[in-house]
Amino acid sequence: MTLGFKVLSPGLHTTVQDLGRVGQQRVGVPVSGALDGESLALANALVGNRPGMPALEILHQGPRFAVSAERVRIALAGDGAAIELASGEIVPAWRSASLERGSEFSILAARGSVCAYLAVAGGIDAPLFLGSASTYVRGRFGGIEGRALRAGDIVPLTLDRTPEGPELRLPKPPSAGLGERVRVVLGPQREFFTEDAIAALLDGEFRVSQNADRMGMRLDGPRLAQKSGWDIISDAIPTGAIQVPGSGQPILLLADHQTTGGYPKIACVVSADLARVGRCRPGDVLRFAAVEVEEAEALAREAAARLADLAASLEPCFDAAALDLGSLYRANLISGVVSARE
Amino acid sequence: MAREGGATALAAKGSMAVRFLSAGDRALVVEFGDRVDPELSDKVLRLDARLRAAPLPGVVETVPTFRSLTLYYDPLVTGRRDLEPAVRGLLGRRGGGRRGARLWHIPICYEAPFAPDLAEVARLTGLAPAEVAERHSAPQYRVYMIGFLPGFPYLGDLPAELALQRRADPRVKVPAGSVAIATNLSAIYPYESPGGWHLIGATPVRLFAPERAPPALLAAGDGVRFAPVDAARFGAIRSAAAAGDYPVANEAIGE
């Protein structure tokens, strides 16, 4: 029997994701990977993994699991997300905890983000396809049988027993940053749009519509008028591109977007802000600001440095949570673990 | 939200200088023109071949499309300022291109259950259904690019008398294996998907099979010829293909 987590309830859309499948867009295979790569990396760091190890991406609503491995160390990342133990007690996001075989736990979905990431020490033992474990549901490959988790699945783990060692926590968790302006580089088809459309993109407010998934999100807001009705000759689409079909209603493309397309792209979100955009929920408001490409490249370097600083800031929990949760939560001794009813 | 797009029949605008367009801070588009044209495609594929033979530092992948090559890069390693001159330096040189390209003989069935739009295409073009099939299977197509779905090839050029705009009313479900036409292109749907092209046949061959190495049958720069088969043969090939026991006939094509 494969040991890991047994899925008691799958949540709304829980998939295995890593940092994506690079090098296959030339044959139409999307990059996929975590919508919020920063949180994936931090969840992994909290359990001692490399930043890009496969973890569970949890969208909207959390799953419930039973541990069938002997002992696992887990950590959750996501603004306002938490792990609820069978006792009703809560392990908040941004710290690790270890659970014994037979423990049941639920993920309380992130409140400040559409997504949360559950990492496990040693990683999830999903086969690599074209260099990545990321699930691409539309192509039916990656992750667990190329699909979202179902009740009854076993999420296989590479370790049956996590090594001893202190639990870790992130002293200053990042905010989801949803209120801040999203930086974009205009183009590559900015000349297809009127000056009014460019101004509307940069001055207007856009609300994430209900039509949002891992491929992309339609934005409600000012109509972005094209100078003419012509489509472009299909070309490559980067993640974060804002494409505008004839309706004038923009679509912001996310991890599972198609690799090429024929709608003009008015702008592309800078890579430093992609994780922030990936956290957006239907109803969230986006405002954009333009930067030049050299500035966007500098922002990418700063974002990488900031993430490395966060990962380096992890500290051991010298409180009771470092010890065995199973015995401690029964004794209600664990700091950082608060009652769900408080 | 997704659409297979394609080429709008734009008037040829003559030759253009190469343009460099940033698509965010991780993608640089090298654009050779603004039409669907074998000559522009050759330029795209030549640059792609050079960059694959001698990768530039920080370039993580390249994506050839009809008239442009997109370079994806890691801004922690390189940047627009370094890449543009490096690529310009590669443009004038000869060689590269379609080396390694293959010509594939893809079975196709134009019979009724596989060709829901054949009668309408015949009506719109003023041809008999059999003539549509005959003309569609006559040329050797170029795989201009793969996109929209894993393994989805954009094939050109379609005989001019078959060129039609996309359907006004796109389908929610196009069956996997459907062979379709729109504008001056033909395509094959590797997966069931929404789609707005006219469905005039189907192939039993799997264009993308995760368990195969490599999973994608076709690559940009390859050639395709359609080989008509009847429904019985279609069924036999599909069974063999599902069992991984149908090698698609192919041969090398040179520069």
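**View 1. Strand 9 of chain B and its partner in strand 12.** Val179(B) has Gly201(B) as its bridge partner in strand 12 of chain B. The model shown here and in the other views is predicted. Four bridges join strand 9 and strand 12 of chain B, and the pairing is antiparallel.

**View 2. Strand 9 and strand 10 of chain B.** Strand 10 of chain B also supplies a bridge partner for Val179(B), namely Ile188(B). Strand 9 and strand 10 of chain B pair in the antiparallel sense over four bridges. These two strands form a hairpin with two residues between the strands, and Thr183(B) in this hairpin takes a positive phi near 45 degrees.

**View 3. Burial of strand 9 of chain B.** Strand 9, residues 178-182 of chain B, is mostly covered, with five of its five residues buried. In a regular strand, side chains alternate between the two faces of the sheet.

**View 4. The eight-stranded sheet of chain B.** The sheet is open and mixed in its pairing, with the strand order 12-9-10-7-6-13-5-14. Strand 12 (198-202) and strand 14 (250-252) of chain B are its edge strands, and each pairs on one side only. On average, neighbouring strands of the sheet are turned by 30 degrees against each other, direction ignored. Within the sheet, strand 7 (residues 153-156) and strand 10 (residues 185-188) of chain B pair in the antiparallel sense over two bridges. Tyr154(B) stands opposite Ala187(B) of strand 10.

**View 5. Chain B as the setting for these views.** Chain B contains five helices and 14 strands. Its radius of gyration is 19 Å, close to the 18 Å that the globule rule gives for 255 residues, so chain B is as compact as a globular protein of that length. The C-alpha trace of chain B spans about 55 × 40 × 35 Å along its principal axes. Of the 255 residues in chain B, 47% are buried.

**View 6. The contact between chain A and chain B.** Chain A gives 44 residues to the contact and chain B gives 47 residues. On the side of chain A that touches chain B, helix 4 of chain A gives the most, with seven residues. Elements giving two or more residues to this side include strand 15 (216-220) and strand 20 (265-269) of chain A. The residues on this side of chain A divide into 21 nonpolar, 15 polar and eight charged.

Note on methods
Residues are numbered from 1 along each chain as its sequence is written. Chains are lettered from A and ligands numbered from 1 in the order in which they are written. This is a predicted model: local features need pLDDT of at least 70, side-chain atom pairs count only at pLDDT 80 or more; totals for chains, interfaces and linings use all residues. Two strands pair if DSSP finds at least two bridges between them. Axes are lines fitted to C-alpha atoms, for helices over the stretch in contact, and angles run from 0 to 180 degrees between N-to-C directions. The radius of gyration is taken over C-alpha atoms; the globule rule is 2.2 Å times the number of residues to the power 0.38. A residue is buried if 20 or more other C-beta atoms lie within 10 Å of its own, exposed if 12 or fewer, and partly exposed in between; C-beta atoms are placed from the backbone. Two residues are in contact if their C-beta atoms, placed from the backbone, lie within 7 Å. Ala, Val, Leu, Ile, Met, Phe, Trp, Tyr, Cys and Pro count as nonpolar, Asp, Glu, Lys and Arg as charged, and the others, Gly among them, as polar.
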